[in-house]
Amino acid sequence: MAAAALSGGLAGWAERSGRRRACTAACGPEPGWLRFVFYGRVSTEDWQDPVMSRARQREQAGALVRGYGVIVAEFFDIGLTRKLAWACRPQSAALVAALADPDRGWDAVVIGEYERAFYGSQYAAIAPLLEHYGVQLWMPEVGGRVDYQSEHDEKAMTGLGLSSKREITRTSIRVRTAMMVQTREQGRYLGGRPPYGYRLVDAGPHPNKAHAAWGRRAHRLEPDPATASTVRWIFAQRLAGHSVARIARALNEAGVPCPSAADPGRNGHRSGTAWTLGAVTTILENPRYTGRQVWNRQRTDSELVDPANVTLGHRSVQRWNLPHGWVISDRPAHPALVSEDDFVAAQDVNATRGPVPRDEPVVRRYLLAGLLACGLCGRRMESAWSNGKPAYRCRHGHTSAMAPDPGRPKNTYIREDKLLPHLPALHLLLTNPAARPRRRTRAGTDVRATASPGEVIGYLREHEITLTWNPAAATLQARAPETAKTATVKTS
């Protein structure tokens, strides 16, 4: 009797175990047996507390899976926007990479809030991957497990993605509108590094009551006693007709610290070694030196990370706006370092370059622009007009902002018309002779057809071949990447 009971019990246990294993193979482990991995994200560290945000998301995820399993691991991204694709976030990318590991140690992913994980169409890119590896997805918005085959769940996820995207768009519009009004009507300092020549000073409690309650203070610009005089001198020199290069060179020779050296704490990404042409130009083109607040000189565009793989999402790219897109305060917001009339006049100054020909201006075209490299230093040679003809030069790293180094090699110059006649021969050496068409001359001699200089230039650009000019040996060299073949011709 006991043996029969035991036999029946074992049979029932085997049947239940078989059903459970079959279900596990098809749908994953049963509720109560699941091992979850938690994924979360917090967008910024400055305005949100990563510790509190993580705890809140983790608590919501834990409440959702309570009674169905336990959270055994977590991936949490800090300081990243939801617009970044999963492959571009370190922690979510690590989670995706672990999917293919059969010994990963978890069976399902749980998320505390949809917006912390997905944006736009990101769910549509991740769900098939989770389904492929048999990993479940649990979310509060559907009350538990997401059914990959359910049209209702797919519709819900699509709607949430669009809502998440709309929230970002609306927030961006509100913030930009507020900043535009604050700049134009209030002349408020909106953050960022102060321009060279100014320093930040306290301007009282923050105008937003919530921010003021947190102890945040407003700031305004004030002339910096150490650098304001340099800005005034730069504008005076420019109004006197001096070139940007001459101004930069004079500052370097006088030992005046450049902007990044004068404020290294805010310019850790720059070397701070010397004044450059760009640094002087930036000062001369900054209208904030007139005392007015200016915003939106730069904009942030969104472009695909990889056009060949749209699932990687978009990245932010900063670009300069034209002056008509700038937002300028209606009245002065801080002490001016240069008058508005002088600032406008400085934009129209052109340094004297010698006599201008009276005949019609010559259209300057450089056929080899971007194709020539210097055989002495390896740098790309720059286009330079020489005696009314296109030419190319290399200054071996020297800039007009610095005094020339006596040990530096002399500038390399080569006129374009000296190189063009040799391009067809160079092309014949690079290409496979067997593949070239042949033609017969009047004398009956069988010769190889040669390409024109224009055709050779097109060939070089198409195959991304760089020409190297060696002035010492008077040779022009090219290397074909596909065949690793190097061709050299003597130009004199």
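In this predicted model, Ser260 has a relative accessibility of 11% and, because that value falls under 20%, counts as buried. Ser260 belongs to helix α9, which spans residues 259-262. When residues up to four places away in sequence are set aside, the contacts of Ser260 are with Asn267, Arg270, Ser271 and Gly272.

Two further buried residues are found in loops and have a backbone feature worth noting. Asn296, in the loop between β8 and β9 (298-304), has a phi near 75°, a positive value in a residue other than glycine. The relative accessible area of Asn296 is 11%, and this residue is buried. Ala474, in the loop that runs between β18 (467-470) and β19 (475-480), likewise has a positive phi, near 55°, again in a residue other than glycine. Ala474 is buried as well, with a relative accessible area of 14%.

Arg199, by contrast, is partly exposed at 38% relative accessibility, and its place is in strand β6, residues 198-205. Not counting residues up to four places away in sequence, Arg199 touches Arg220, Leu221, Glu222, Pro223, Asp224 and Pro225. The C-alpha atom of Arg199 is separated by 9.8 Å from that of Ala226, a residue 27 places apart from Arg199 along the chain.

**Salt bridges**

Across the whole structure, a search finds 19 salt bridges.

| Pair | N to O distance |
|---|---|
| Arg35 and Asp107 | 2.8 Å |
| Arg292 and Glu340 | 2.6 Å |
| Arg299 and Asp301 | 3.1 Å |

What do the side chains of Arg35 and Asp107 meet in? They meet in a salt bridge, at 2.8 Å from N to O. Arg35 lies in strand β1 (residues 34-42) and Asp107 in the loop between α3 (90-98) and β3 (108-111), so this pair ties together parts that are 72 residues apart in sequence.

The salt bridge between Arg292 and Glu340 brings its closest N and O atoms to 2.6 Å apart. Since Arg292 lies in the loop between α10 (277-284) and β8 (294-295), while Glu340 lies in helix α11 (residues 340-347), the pair ties together parts that are 48 residues apart in sequence. Glu340 is partly exposed, its relative accessible area being 36%.

The salt bridge of Arg299 and Asp301 involves residues that also take part in a network of salt bridges, in which Arg299, Asp301, Glu303, Arg315 and Arg319 are linked. Arg299 counts as partly exposed, at 30% relative accessibility.

**Packing of two helices**

Helix α7 (residues 228-239) packs with helix α8 (residues 244-253) at an angle of about 145°, and their axes are 10 Å apart. The crossing of α7 and α8 is right-handed. On the α7 side, the residues that meet α8 are Thr230, Trp233, Ile234, Gln237 and Arg238, and those that they meet in α8 are Val244, Ile247, Ala250 and Leu251.

**The chain as a whole**

The protein chain contains 14 helices and 20 strands, and of its 492 residues, 35% are buried. Among contacts between residues at least 6 apart in sequence, 61% join residues at least 24 apart. The accessible surface comes to about 28,900 Å², and carbon and sulfur atoms account for 53% of this area.

Finally, the confidence of the prediction should be kept in mind. The chain averages a pLDDT of 82, with 85% of the residues scoring at least 70. Over residues 434-441, however, the pLDDT is below 50, although this stretch has 19 contacts in the model beyond near neighbours in sequence. Residues 351-356 also stay under 50 in pLDDT, and for these residues the model has five contacts beyond four places in sequence.

How values were computed: Residues are numbered from 1 along each chain as its sequence is written. This is a predicted model: local features need pLDDT of at least 70, side-chain atom pairs count only at pLDDT 80 or more; totals for chains, interfaces and linings use all residues. Side-chain values use heavy atoms; hydrogens and water are left out. pLDDT is the predictor's confidence in each residue, from 0 to 100. Contact means heavy atoms within 4.5 Å. Helices (H or I, at least four residues) and strands (E, at least two) are DSSP runs, numbered from the N terminus. Buried means under 20% relative accessible area, exposed over 50%, partly exposed in between (1.4 Å probe, protein chains only). Accessible areas come from the Shrake-Rupley method with a 1.4 Å probe; for residues, only the protein chains shown count as cover. A salt bridge is a side-chain nitrogen of Lys or Arg within 4 Å of a carboxyl oxygen of Asp or Glu. Axes are lines fitted to C-alpha atoms, for helices over the stretch in contact, and angles run from 0 to 180 degrees between N-to-C directions. A crossing is left-handed if the near helix is turned anticlockwise from the far one by less than a right angle, and right-handed if clockwise.
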